[in-house]
Amino acid sequence: MEQLKTIGRELAMGSQGGFGQSKEFLDLIKSIGETRSKNEEDRIVLREIETLKTRLANPNTPKFKLKEYLIRLLYVEMLGHDASFGYIYAVKMTHDENLLFKRTGYLAVTLFLNEDHDLIILIVNTIQKDLRSDNYLVVCAALNAVCRLINEETIPAVLPQVVELLGHQKEAVRKKAVMALHRFYQRAPGSVSHLISNFRKRLSDSDPGVMGATLCPLFDLITTDVNAYKDLVISFVNILKQVVERRLPKSFDYRQMPAPFIQIKLLKILGLLGNGDKKASEHMYTIVGDIMRKFDSTSNIGNAVLYECICCISSIHPNPKLLEAAADAISKFLKSDSHNMKYLGIDALGRLTKISPEIAEQHQLAVIDCLEDPDDTLKRKTFELLYKMTKSSNVEVIVNRMIDYMININDNHYKTEIASRCIELAEQFAPSNQWFIQTMNKVFEHAGDLVNAKVAHNLMRLIAEGFGEDDDTADSQLRSSAVESYLHIIGEPKLPSAFLQVICWILGEYGTADGKYSASYISGRLCDVAEAHSTDDIVKAYAVTALGKIYSFEIAAGRKAEVLPECESLIEELLASHSTDLQQRAYEVQAIVGLDAHAVENIMPMDASCEDIEIDKSLSFLNGYIQQAIEKGAQPYVSESERSGMSNISNFKSQEQHESLMHSLRFEAYELPKSSMAPHVPPVLASSTELVPVPNPYNHTEVHYSATPMPSVSNAGSSELKLRLDGVQKKWGRPSYSSPAPSTSNNDAPKIQNGTTQRDSVGSANSKARDVSYDSRKPQVEISPEKQKLAASLFGGPSKSDRRQSSSSQKVPKNNSHSANKSHVEKTATSDTVAVKTSQPPQDLLDLGEPTGTSIPPSLDPFKQLEGLLDLTQDSTTLNTGGGSGTDAPDIMSLYADMSLSGQGNENPLSTGNDSASLLSGFSDAANRNGHGVNTVPQLTQQLSKGQNHKDSLEKDALVRQMGVTPSGQNPNLFKDLLG
Amino acid sequence: MGIRFVLMVNKQGQTRLAQYYEYLTLEERRALEGEIVRKCLARNEQQCSFVEHRNYKIVYRRYASLFFLVGVDNEENELAILEFIHLLVETMDRHFGNVCELDIMFHLEKAHFMLEEMVMNGCIVETSKSNILSPIQLMEKAS
């Protein structure tokens with residue numbers, strides 16, 4: 001044992017140069033690695049901060065030490081503590097001549113600083129210098145930094161050099177220069193608008209890596225302006241063809257797929273270019289079809305490409321053959337055992353369902369399984385699909401499901417999203433007023449404070465305006481049922497504020513309208529609301545105004561307004577409120593109560609919330625007064641714009657721009673004037689929801705419905721005094737300007753397959769038939785009647801309903817047998833795949849996905865595997881100790897010498913050309929043997945054969961052991977092979 | 001933008017590597033890392049390797065005790081990102097030989113250098129292992 005320690009120490013000292021890490025550093029890493037709690041970690045880091053503060057302040061610190069300190073600083077910040085005291089040293093290190101130090105400096109700076117940090121200015125000069133370096137690695141390091149640190153103001157300082165580097169002889173430099181330009185485009189599109197053509201040029205770069213990188217900026221550019229790049233369709237198709245035909249170097253292969261990441265990017269681009277463009281799409285059909293045929297779907301990456309193909313197919317002009325292939329792929333995805341595949345299947349289904357709605361129906365049971373899966377991710381994806389396929393026949397089921405789910409989650413972000421979707425669907429497809437109001441009540445009750453305030457106003461307006469064009473009875477029925485439901489719900493505790501506002505407003509406006517409830521009853525309830533929410537001024541304001549309305553309607557109707565004592569005291573209280581708004585409202589109510597019927601009728605007419613009020617904006621009634629004043633010598637009014645000498649806003653803007661220019665840093669005087677494109681919307685994808693024009697109807701963005709530009713409301717001109725709803729969509733009840741037909745009848749939309757009753761009978765009969773076939777094949781898969789019912793209500797029965805519709809009674813049995821057959825076939829297919837599957841390990845997280853027979857049975861608990869690994873590592877320690885105490889020590893040393901020898905020989909993996917596949921099979925072999933714990937010497941030799949750094953890894957081992965970090969130590973996880 | 005961040009966090013929730021492609025403050029990062037690790041730890045191996053979190057989609061993969069988490073936006077191909085993670089691990093494995101958590105801790109900067117070669121501006125720009133590793137090897141040789 002002692003001897004081993006000595007050896008370790010020797011190794012440690014000998015490696016100082018190459019390994020370059022001090023005992024102190026190793027100690028730090030060790031202690032961080034072995035901490036068990038966040039508190040402990042925090043203590044270590046705080047101590048480290050103190051150490052670093054004193055160390056860094058020492059001006060005589062050698063450079064290699066400084067590099068280490070920087071990395072320790074990285075740790076400080078990575079673990080969540082402020083390291084700003086050391087930023088300046090990172091900046092200093094970028095000035096270093098040594099490449100490694102320089103790059104470490106740049107790395108630290110990019111991790112520490114955002115592009116607007118004050119210290120950046122100290123680096124720009126260095127970057128400029130480094131971009132001119134003869135050493136291309138220095139140039140690359142600088143370009144990396146350019147991508148992270150250069151902001152809009154500093155772009156001009158480096159732009160000319162970056163452009164120059166686009167033609168550099170080294171492909172690595174060209175690639176990074178392209179990305180730097182891409183970054184400038186992201187930051188300030190205007191600054192590089194004249195350089196866009198460079199991206200096109202680089203697309204035909206001789207190096208595939210540069211070409212692949214160029215696809216990134218091109219993707220962004222095409223996203224913003226498709227039409228400018230239609231001419232590139234053929235080039236992209238050709239590139240994709242070459243990739244698929246394996247013309248790219250082997251090193252781009254991944255899992256035997258030729259450059260899959262490039263393929264995916266190209267397919268994305270083609271999807272954009274072919275969207276709604278038949279001619280462009282026709283160029284793509286062959287190659288996309290080829291890819292779908294060619295690549296196996298046994299590997300993850302193969303499926304990733306396949307999925308991207310489906311996305312592309314659903315985006316471009318539809319092609320029946322490709323759609324069929326896509327549908328096949330989707331059914332494969334959905335039948336897979338892997339949740340990842342199912343997820344993609346559901347997503348793909350959502351994309352395709354817009355083009356061919358019948359596809360979803362084929363997979364109804366799979367969809368329902370996903371909907372009921374405990375996996376939240378899958379569930380949400382399925383809700384997204386349902387949202388896309390909602391129509392008036394299934395809206396009730398879908399929205400009710402969504403609401404049930406919404407009630408049970410805590411994640412506010414998603415709750416908001418699903419609530420607004422519920423509202424949207426309810427507004428669009430509601431089958432009845434009753435249902436609509438109930439749905440809205442539920443949504444408001446559970447997510448009222450999360451939904452947009454607009455939604456509340458929208459609801460009030462819907463109830464106020466009514467739905468029927470001229471059907472007043474329907475409208476008043478709706479209002480009555482709303483009042484009814486609100487009176488029912490009002491007593492519940494913890495109602496969200498937005499919902500209470502709606503309730504108060506509706507009760508005030510329509511509470512007494514149908515004569516069912518007395519004014520005193522309604523006003524009593526309103527008082528209760530105000531008292532129960534005494535801290536919410538807005539609710540109180542709504543309640544008081546509602547009270548005022550109730551009284552004025554009473555007075556206008558010729559009755560005496562009896563103000564209940566509690567109402568009186570409420571008003572009294574509000575008269576002295578701290579809120580001026582509440583005070584004003586209280587005084588108004590008080591005043592109204594004292595007026596006569598005629599006056600009140602004029603102030604507060606019954607059910608007039610939708611009436612127009614004319615407002616004289618020019619205040620012409622004051623003209624006489626002004627005339628008088630001017631005659632008395634007053635100055636005539638000069639408008640604000642005239643006063644400041646500006647006539648329009650653009651003028652103002654340009655001045656602002658000018659000002660910002662003056663404040664900004666200038667590196668080269670007045671060379672690159674800002675082009676007029678400057679205020680262009682940057683292609684930040686996050687804000688895509690804000691981009692209103694959705695050019696393609698199929699491209700599934702989540703905001704599909706909401707982003708559709710709505711024609712403005714017909715009576716928009718008179719919106720002044722109504723609820724402020726300008727720009728709010730209104731879809732329900734006005735077929736005149738809502739694209740999908742909202743009516744509940746069955747014959748209006750081609751999507752709706754057939755009548756409800758028919759559908760039900762056929763649907764259930766059919767699914768029974770399926771049931772039988774399922775039973776015979778796979779008894780454990782039982783489809784509960786609930787699921788069948790759900791399927792029927794969601795999908796409206798199986799497809800091919802058109803034919804059935806004609807004479808259902810005769811055709812039902814036929815169809816039954818047909819579909820039974822079909823499901824039979826399907827089932828056989830799945831059971832086959834299941835059989836195949838079991839012979840192969842499932843794709844789990846730890847699986848390498850290598851087809852070479854992995855020895856570990858797939859069903860093995862991964863934790864157990866890890867334990868096995870643990871034992872093994874302990875074995876190796878015991879072996880080492882044995883070696884140390886015995887006479888084997890020289891052997892180990894010689895082994896080490898061997899290794900260093902072969903290490904040198906192996907240093908360039910390019911020349912030895914050991915590709916990943918062989919390496920990995922090596923790994924699995926090693927793991928294999930280790931797992932059986934045969935002996936550890938093979939493991940060492942195994943280490944020899946892979947990686948170029950086995951010398952390092954052995955040193956690391958020895959060194960680390962010396963520090964006391966051992967696999968049997970506190971945190972053995974640190975030693976586990978990630979790819980083990 | 002595609003990739004918004006790449007994180008390596010171990011089972012105890014300790015960050016081992018963090019690279020953000022958009023600026024977040026220290027507090028935001030800390031909170032985000034804590035939340036998503038908790039979310040991912042709560043999931044079992046059968047469930048999807050994808051989780052939605054705020055406006056991110058997290059694609060994660062576990063190797064031994066280390067989670068690799070990549071935050072992407074909505075337009076990204078999740079399965080491809082999952083394979084990208086594996087490519088990253090393979091690349092590190094080729095460099096370090098039997099890469100383990102400790103390797104990444106001891107050579108944090110190298111792990112970052114590899115990532116710098118593979119991802120720029122949140123886009124995957126290089127997937128050839130030899131192209132990724134050659135600058136790092138050349139740099140090691142030089143110093």
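Here is a short chat about a predicted model.

Me: How many helices and strands are there in chain A?
Reply: Chain A has 47 helices and zero strands.

Me: How much of chain A is buried?
Reply: Buried residues account for 51% of its 980 residues.

Me: And what about contacts between residues at least 6 apart in sequence?
Reply: In chain A, 69% of those contacts join residues at least 24 apart.

Me: Which residues make a nonpolar surface patch?
Reply: L619(A), F621(A), L622(A), Y625(A), I626(A) and I630(A) make one of about 600 Å².

Me: Where does Y625(A) lie?
Reply: In helix 34 of chain A, which covers residues 623-631.

Me: Is Y625(A) buried or exposed, and why?
Reply: Exposed, because its relative accessibility is 58% and the cut-off for exposed is over 50%.

Me: Now something covered. How many residues of helix 21 in chain A are buried?
Reply: Six of its eight. Helix 21 spans residues 364-371 and is mostly covered.

Me: Which ones are they, the buried residues of helix 21?
Reply: Q364(A), L365(A), V367(A), I368(A), C370(A) and L371(A).

Me: Switching to cysteines. How many disulfides does the structure hold?
Reply: Zero, over all chains. Take C309(A), which is in no disulfide. Its nearest cysteine sulfur belongs to C312(A), 7.0 Å away.

Me: Is C309(A) buried or exposed?
Reply: Buried, with a relative accessible area of 0%. C504(A) is buried too, at 0%.

Me: New topic, aromatics. How many aromatic pairs are there over all chains?
Reply: The count is 14. One of them is Y517(A) with Y521(A).

Me: Why is that pair, Y517(A) and Y521(A), called stacked?
Reply: Because their planes are at 20 degrees, and under 30 degrees counts as stacked. The ring centres are 5.5 Å apart.

Me: What kind of pair do F5(B) and Y56(B) form?
Reply: An edge-to-face one. The centres are 5.1 Å apart, with 80 degrees between the planes.

Me: Which parts of chain B does that pair link?
Reply: Distant ones, 51 residues apart. F5(B) sits in strand 1, residues 3-10, and Y56(B) in strand 4, residues 56-63.

Me: Are F5(B) and Y56(B) buried or exposed?
Reply: F5(B) is buried at 0% relative accessible area. Y56(B) is buried at 7%.

Me: Which residues form an aromatic cluster in chain A?
Reply: F383(A), Y405(A) and Y414(A) form one.

Me: Last topic, the backbone. What is the phi of R246(A)?
Reply: Positive, about 60 degrees, although R246(A) is not a glycine. A259(A) is not a glycine either, and its phi is about 35 degrees.

Me: Where are R246(A) and A259(A)?
Reply: R246(A) lies in the loop between helix 14 (233-244) and helix 15 (260-274) of chain A. A259(A) is found in the loop between helix 14 and helix 15.

Me: How accessible are R246(A) and A259(A)?
Reply: R246(A) counts as partly exposed, at 45% relative accessibility. A259(A) is buried, with a relative accessible area of 2%.

Note on methods: Residues numbered from 1 in each chain as written. Chains lettered and ligands numbered in written order. Predicted model: local features only at pLDDT ≥ 70, side-chain atom pairs only at ≥ 80, totals over all residues. Heavy atoms only, no water. Disulfide = S-S within 2.5 Å. Buried < 20%, exposed > 50% of the residue type's maximum accessible area, 1.4 Å probe, protein only. Helix = DSSP H or I, 4+ residues; strand = E, 2+ residues; numbered from the N terminus. Contact = heavy atoms within 4.5 Å. Patch = residues over 30% accessible without salt bridge, like charges linked within 9 Å, V, L, I, M, F, W, Y side chains within 5 Å. Areas by Shrake-Rupley, 256 points an atom, 1.4 Å probe, with all protein chains shown as cover. Salt bridge = Lys/Arg side-chain N within 4 Å of Asp/Glu carboxyl O. Phe/Tyr/Trp six-rings, centres within 6.5 Å; stacked < 30°, edge-to-face > 60°.
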